[in-house]
Amino acid sequence: MRLTNYLLPTLKESPADAEIASHKLMLRAGMIRKVAAGIYTYLPLGLRSVRKVEQIVREEMDRAGALELLMPMVVPAELWQESERWEQYGKELLRLRDRKDTEFCLSPTHEEVITDVVRGTVRSYRQLPLNLYQIQGKFRDEIRPRFGLMRGREFIMKDAYSFDLDDAGADSSYEKMYQAYQNIFKRCGLEFRAVEADTGNIGGSSSHEFMVLADSGEDAIVSCDCCDYAANVEKAQIRLARQEEPQPQGEIAQVATPGKKTIAEVAQFLGLPESRLIKTLLVRTDAGEQLAVLLRGDRDLNEIKLCRFLDCVEVEMVDEANVVKMTGAPSGFAGPVGLDCRIIADHEVRTMVDCVVGANIKDSHCSGVNPGRDFEVEQYVDLRQAQTGDGCPRCAGTLQSWRGIEVGHVFKLGTKYSQALGATVLDRNGKDVALVMGCYGIGIGRTVAAAIEQNHDDNGIIFPMAIAPFQVLITLLNPKDQQVVKAGEELYNQLLQAGIEVLLDDRDERPGSKFKDADLIGIPIRVTVGNKALKDDQFEIQLRAVGERQMMPTDETAPWLIAEVNRQLVR
């Protein structure tokens, strides 16, 4: 492809509304353009990378035995009403009516549609296992679309759905998809972790998220430094440390802490580490129960763990009026001593000694407080957010913290949708049984954006070879010089004949401008063709990821480039 015939509208400056690296660079590199909030046009350069990811996904899905189909984006409300998600899903589901006043939605996910397809076409266990997938545009009406393709409203997604006769078959299908996802993200050239995750509003028994590691990631994850355990912090378990019987040394004493409400303020005022304080959180469940939750002062509450323990959907902090009713003091001074409500605590609290807690009196705390002696806890459970240094729940290793960008998610759905929509088959004994399902999603455009978040520098994108829009960029320093043009054209044609994807920068622009664009768009290998090097019968070659330049004889360049492209491709 010649740049003089290509649409590549690069920008020198980042648009004001672009906040993260991938959003800025995709706009500046001429990959996308905004149409409306969270809705983008993929320009030629961006679409090439998207298609690369799609191709890798197709190859690995097909290799795993999945079959491609295409479902409609506009879906009748009655299907979602059958699954009872029409009322549950919330405002992210964009609802609309046709001219006959029939209700539809722009489907953000296709569990209902695929289950409807299968219930009408599959009747016997002999037709199983079955795995169907599509690559299609979807729409979720995000309340705050941001970060370009990372959190858009319209997006391209691969979603697959497996159907099995029983749990054993479903486990096998899940494992095949898990391995296919490992292959996909390895081939995309990404550093990632597969982490245990919460199932969210999709439902199901278990799930894994595939996270591209990047400092800008919205999700916090942990992984073990010894084994393959990894989990989203919302799901992460922590190895319970050896419990030793605490040996209190002091007695309770009330300490004045005027105006000191936060853990950090109190710890600094008393000259103690935050780990010597007990954090007392007063929470209210969606069922109306009010209770106290205790954590070590330097720990954060994991609300998902708490909700799972309390068997509720959500919890919220008790409002100021009820804080006063429960403790007799304003917020910031709550403590477990003398508190007349249910108290649960994280495991770490059990072995804390001579701690500081709120005194349930304004501007006061209590020191020398000990669990068991000075207050009773109904139950100790794992309630804290995992962090670096915690013990791995699977081995003797230690957890490390990372930031991650979710690009894929696999779920074991069970029979949630098959039972709701009546998707059954006859088993070997002629009995109707509900199909056991799994679902598996990959954000295609999001994967490209995540790759850029992980692979960029101050000058622009550094694409992994597998998903780069082009593999080699040939830059002609002076396209009016016949010797330069001839040498560049010969190399260009040699590479094309060998199946290498080449972009030829034949524009009549200053060399500095061409080099800036080359760094910005991030093609993995750049070949510079100029008069000075040609006098010595050489080309200049630069690997974008390394930055170092090397000179190479013209007759050796094409074979070297072909070998290097293939070397960088992850098979």
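Of the 571 residues in the protein, buried ones make up 53%. Buried means under 20% relative accessible area, exposed means over 50%, and partly exposed lies in between (1.4 Å probe, protein chains only). This is a predicted model: local features need pLDDT of at least 70, side-chain atom pairs count only at pLDDT 80 or more, and totals for chains, interfaces and linings use all residues. Residues are numbered from 1 along each chain as its sequence is written, and side-chain values use heavy atoms, leaving out hydrogens and water.

**Overall build**
- The protein has 16 helices and 31 strands. These are DSSP runs numbered from the N terminus (helices: H or I, at least four residues; strands: E, at least two).
- The C-alpha trace spans about 90 × 70 × 50 Å along its principal axes.

**An enclosed helix**
- Helix α12 covers residues 444–454, and eleven of its eleven residues are buried, so α12 is largely enclosed by the rest of the structure.
- Among these buried residues are Arg446 and Glu453.

**Aspartate 506**
- Aspartate 506 lies in the loop between β28 (502–505) and α14 (511–521).
- Aspartate 506 is buried yet has no salt bridge. A salt bridge needs a side-chain nitrogen of Lys or Arg within 4 Å of a carboxyl oxygen of Asp or Glu.
- Arginine 2 is the nearest side chain of opposite charge, 4.3 Å away. Lys and Arg count as positive, Asp and Glu as negative; His and the chain ends are not counted.
- A polar atom of the aspartate 506 side chain lies 3.4 Å from the backbone nitrogen of leucine 3.

**Aspartate 319**
- Aspartate 319 sits in the loop between β16 (315–317) and α9 (320–327).
- Aspartate 319 is partly exposed, with a relative accessible area of 44%.

Conventions:
Polar contact = N/O pair within 3.5 Å; in protein donor to acceptor, adjacent residues only side chain to side chain.
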